[in-house]
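Subject: Structure for you to look at

Dear colleague,

I am passing on the structure we talked about, and my notes on it follow below. Please read them with the model open beside you.

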Amino acid sequence: MDLLQGTLDMMVLRTLLMGPLHGYGIAKAIRTKSGESLEIEFGSLYPALKRLELKGWIAAKWETSETKRQARYYRLTPAGRKQLAAEHSKWAEFVDAVTRVMGPLPGGEA
Amino acid sequence: MNWRDREREMQEELKALEEIAGRKELGNLTLAAENARAVWRWAWLDGLLADLRYAVRILLRQPGFVAVAVVSLGLGIGANAAIFSLMDTLLWRQLPVREPERLVTFDYGTSSYYSFRQFQARSKDVLEDIVATAGAEMRDLDTGGGPQAGEVEIVSGNYFTGLGVTAALGRTLTADDPDAAVLSYAYWRRAYGGSPDVVGRTIRVGKFPFTICGVAPPEFFGVQVGDVADVWLPIAAVSALYPGRHILDGPNYNFLELLGRLRDGVTAQRAADALTPLAVAIDLERAGPGVPDWVRKNMQAQRLKLTPASNGLSYLRRRFSKPLRVLFAMVAIGLLLAAINVMSLQFARADQRRRELTVRLAIGAGRRRVIRQLMTESLLLSFAGGAAGLLLCRPVAAGLASLIRSMGKTPELLLRIDGPMLLFVTAVSTAAALVCGLIPAMRASRADLVNGLQQSSRSATDAPASRMLGRVAASVQLALSLVLIAGSFLFAFSLYRLTHFDTGVNRERLVMLDVDAHEAGYKGAQLDELNRRLLARVGSMPGIERATFSENGVFTGRSSNDQMGADGFQAPAGKRRNAFFDNVGPAFFTTIGARLVSGRDFTEADDAAAPKVAIVSREFARHFFPDRNPIGQNIWHVNEKQKQPLQVVGVVEDIRRDARQQPQRWFYVPQWQAKSDLWSTRFLVRTRNAPGSMIASLRAAVRAEDKAVHVVSIDTADQLLNYNIDMDRLIAALSFGFGLLAMTLAAVGTYGLAAYNVTRRTGEIGIRMALGATRPAVMRLVFRQVWQAAAPGILAGAAAAAALGRLVAGLVFQMKPADPAVLTSAALVLAAVSMGAAWIPARRAARLDPMVALRNE
């Protein structure tokens, strides 16, 4: 499934709402949450993380993982929380609008 | 966080993730890293654009400041660019020919056509080819619409092919083309409007028709840097252009500059070694059989030198490389001054913007971020200055080049705005931005938050460090100004001495006409007869006091030279016996105002029938007659088959055209007694009124005698002398300009410092006045503060000027580079100027109303 522009950023922010994660953890979490239908390429996820970091919506720090390994953990900043709220409502409006346009197909044929 | 830290951290992060997840799971990590870097690059660019937009907005709000900054930086950068382009043109640029790095010049003096052919025929082992040029000279060119002056360059037939220059139109010269002509691209555009059917048409040079065979490419001006030829003619044309003078046959008509092309793999040194025996043989042949043994030995010991000439031949390069370097140093100092001036303005601006900057720092903008923003503004100003400088550079450089007489009529053709030039302007603009922006930006970004937010004029500007900076800036400015002013004084005094020395000739209202009757066909007795008639006609013109003539004129640098013998003169080995001579008309010395030390002047009576006589210069007499009175003694040409003594009838004070030159051995003989034709005739006339008014009627007088007789030039004696010191005049004129500019900037700087001090201390001055301080006391207070900055600056400047003086040692005449009189007078002038500039703020301080001043607090 293709990702709409900017959706990845939004999903990253949403995922981090649950708590800090390292880069690979974020990719895994999105995949699991989507019922394995969204296969996030790490190659596109990683620049997105850097972009969000530059904008100040997420921040990172070295921590030890549950498997006793060092990794850089990202967490949401207050600015990121605000951004997520704004994007979430925009997204909801968008989905709502598209759903209304599409509706069920007439004649019950699929 | 800088780029390196970020990169390292990214690598560590990716490595850690790889250990957690495994390489396969993460996919292409190189691509991930590359994309992450792209994110940073975009962010950086975005930030830059934002900074630029913000900088433009800020600057638009301060048009006055922007105008001052851009104009002063523009002048500074423009002057640097102009000198750079002159240096590029005269010193560095490569010739637009095939493989210019293989060209070499013969360090040999000029060659005759005979030696050129000898070299050409016998150098094939080491040189691919040799080309020759006689240099450009003014001639009448007629394209069908009447004669107009143009530059004609006579070159060997293989000139273009040997250099590897192909025609833009038609073809170039070939080895056997007696009447072909190649036009320069610029001349083709100018005289023929760039018409494509010009090939095959006729162009007249003087009286002689030539067939245009092609047009040279636009970037090619010839191999002589500074000369711009309009038309190239083959060497065979010499016989037609100089009728009656067998220039191509004589082994001693040295008029060609040679340029060789090394064979592949041959070094200049090897070629020179291979050609040395040939050069010696040619020299010996040239000198003839009458050469004394010691001279012959010297000639045999000579070694030919070949110098790499990828950037062409240039006598200008030798003469101008040092002066241009000095000028470059001066314009660089000028730009530094301008940048410091802008820096002082930036300090003041930063004070006004304190609140804005403090707010930005308070809400967490990093110091580097603020510095970057301020530097963006400085860079923007500086590049605007650079653009203005580029606009200025061409006219300025062309103006300077036109002061160099030998650069011809169209020096602007040679000046180009190209890659190296743009690179130079970019570098200079960046450097200027650093000078005028960095310190103010560093200081402004180190804001004291509490005081900054209050924005009280006191607290914002009272920091001792900021006062120090202002004072130091003013001091440095004065020091630099002093260097420039001292330099301009030095060059001005030197020029004064070069123009006010005893030349041995009275230059007042003295005019020289250079007349060429050869082209009109005069020779032998006819030529003498013509000169007699012209002399009578010119001499009897109203407005002419008296007239005479000579072959070489005065101050022209042209001379004839021969080995001489004299009664009682022994020529031991090493003692020179050559002397310069000139064929002159009657009353020559009386007319030009030369002083006869003893004996008499020539008269009409000294004609072919009378005993042969000569007049010698004082230096000639000192050399040849050290122990006897020269009057009545005989001198003679050593190399004549039959000794023909000339009796010395007078001794004349030495005539010099250059104060830097030692007096030379000269003797003069009456033309009516000379055996050979005059090469040229220079009439010397003393006018009654301003000489400028006589030029047209002098020209008309020659034409009235014979329309075909060509007046080559008419100059006053002063002009002739000035041509000789064009370099000195160029430097003096420029350094005067820079001195003036420096003085203005120094005045502005000290004015700013004083005004700022008065504003800052208004309250204090009010209190002092309320407590009874008198107005003079208040003014003294202001002056004292300015003086505290000015005195160390002027002292440091004097020391720097004394040290830098060594750089100009060879360029000033009869002046010590660290001349105490020059340094003292420059220091006094600068002190007066800076105190004068402080006068206005001081008077304002003295007129303060104490009540108003105190209320302001």
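Two residues are taken to be in contact if their C-beta atoms, placed from the backbone, lie within 7 Å. On that basis, and bearing in mind that this is a predicted model, the contact between the two chains draws 16 residues from chain A and 17 residues from chain B. On the side of chain A that touches chain B, at least two residues each are supplied by α2 (23-33), α3 (42-55) and β3 (70-76) of chain A, and the largest share, seven residues, belongs to α3(A).

Chain B is divided into five domains, namely domain 1 (3-44), domain 2 (62-93 + 319-462), domain 3 (100-310), domain 4 (465-502 + 724-857) and domain 5 (518-708). Between the centres of domain 1 of chain B and domain 4 of chain B, taken over C-alpha atoms, the separation is 59 Å.

F555(B), found in the loop between β12 (544-550) and β13 (560-566) of chain B, has a positive phi of about 60 degrees, but F555(B) counts as buried because it has 24 C-beta neighbours inside 10 Å, where buried requires 20 or more.

With best wishes

How values were computed: Residues numbered from 1 in each chain as written. Chains lettered and ligands numbered in written order. Predicted model: local features only at pLDDT ≥ 70, side-chain atom pairs only at ≥ 80, totals over all residues. Domains from an automatic or database assignment. Helix = DSSP H or I, 4+ residues; strand = E, 2+ residues; numbered from the N terminus. Buried ≥ 20, exposed ≤ 12 C-beta atoms within 10 Å, placed from the backbone.
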